[in-house]
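Colleague: Please pick a single part of this model and look at it closely. Then place that part in the rest of the chain, for someone who has not seen the structure before.

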Amino acid sequence: MAQSEPLGLLLDRSQDKIALLDEEGTFTYVSGAAEHILGFEPDDLVGQNAFEFIHPDDIEDLRREFQETVQSNTVTQETVEYRHRTKDGGWVWLESRMSNLTDERLDGYVISSRDVTDRIEAERERADTASRLEQIAAVSGDVLWMFDADWSELLFVNPAYEEIYGKPIEEVRADPDTFLETIYPDDVPRVEAAMQCLSDGESVEMEYRVNPRKGYKNWVWVQAEPLVVDDEVVRITGFTRDITDR
């Protein structure tokens, strides 16, 4: 058996699609993983130009990355993400590693690809959810906020903070300790104690006075929860409602 035959068998058992492309992007070799990732038999792809299978929105960037990689005068490796057509006409997201390393025994440049469709779709779903939540928070009359576990970093707060607490968001983002300056001095010890309880993993509900611009005459109701991962507080989140009229 020729030396290349057992190597081919090993590559065909890889979960990643291994391909060789010439400088024009034509497949000269494709491993068996192409079938379970894309639905194509390797022989369906060999001799075809790889860019004919790329989503129109991704072709230009991918072609540029490929050409810059293989034509580089120094050792170059790049990782790219793009959509590849499947045999049934659908699309999968691939993450491909390409390099300009080759030699006369290889009939092209090695491209190793894996299916990352689930990850890409999950990331997009999270981004869409975050965008919708930010839109809701932007028009909410309540203050929605999130700090890290030791209150050293403000992770999120919506515009209602400035109206209720009477301080610019930029100030508390730059220095979270300025949050305490918005609270009526006699109420600060209770608030600090509540902050410690939250850092220790306890939920908190309380009322106190805020807003130095209005002489601390605004009363607020606060509900806050620690976010715990593996028995460790990683975030503290809550909302604040103006209850002055009540």
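Modeller: Glu-162 has a relative accessibility of 33%, so it counts as partly exposed; the term covers values between buried, under 20% relative accessible area, and exposed, over 50%, with a 1.4 Å probe and only protein chains considered. This is a predicted model, in which local features need pLDDT of at least 70 and side-chain atom pairs count only at pLDDT 80 or more, while totals for chains, interfaces and linings use all residues. Residues are numbered from 1 along each chain as its sequence is written, and side-chain values use heavy atoms, with hydrogens and water left out.

Glu-162 sits in helix H6, residues 160-165. Helices (H or I, at least four residues) and strands (E, at least two) are DSSP runs, numbered from the N terminus. Apart from its neighbours within four places in sequence, Glu-162 touches Lys-167, Pro-168, Ile-169 and Glu-170, where contact means heavy atoms within 4.5 Å. Asn-211 lies 49 residues away along the chain, yet the C-alpha atoms of Glu-162 and Asn-211 are 9.1 Å apart.

Next, the sheet. Its 5 strands are arranged as E7-E6-E10-E9-E8, in an open sheet with antiparallel pairing; two strands pair if DSSP finds at least two bridges between them. Strands E7 (154-157) and E8 (204-210) are at the edges and have a single partner strand each, so one side of each has no neighbour in the sheet. From one strand to the next the twist averages 20°. Strand E6 (residues 143-148) is joined to E7 by 3 bridges, and Trp-145 has Val-157 in E7 as its bridge partner. Helix H8 (residues 188-199) lies across E8, strand E9 (218-229) and strand E10 (232-242), at about 150° to E8. Such angles run from 0 to 180 degrees between N-to-C directions, with axes fitted to C-alpha atoms, for helices over the stretch in contact.

Elsewhere, strands E1 (residues 17-21) and E2 (residues 27-30) pair antiparallel over 3 bridges. They form a hairpin with 5 residues between them, and Gly-25 in the turn has a positive phi of about 95°.

For the chain as a whole, there are 8 helices and 10 strands, and 40% of the 246 residues are buried.
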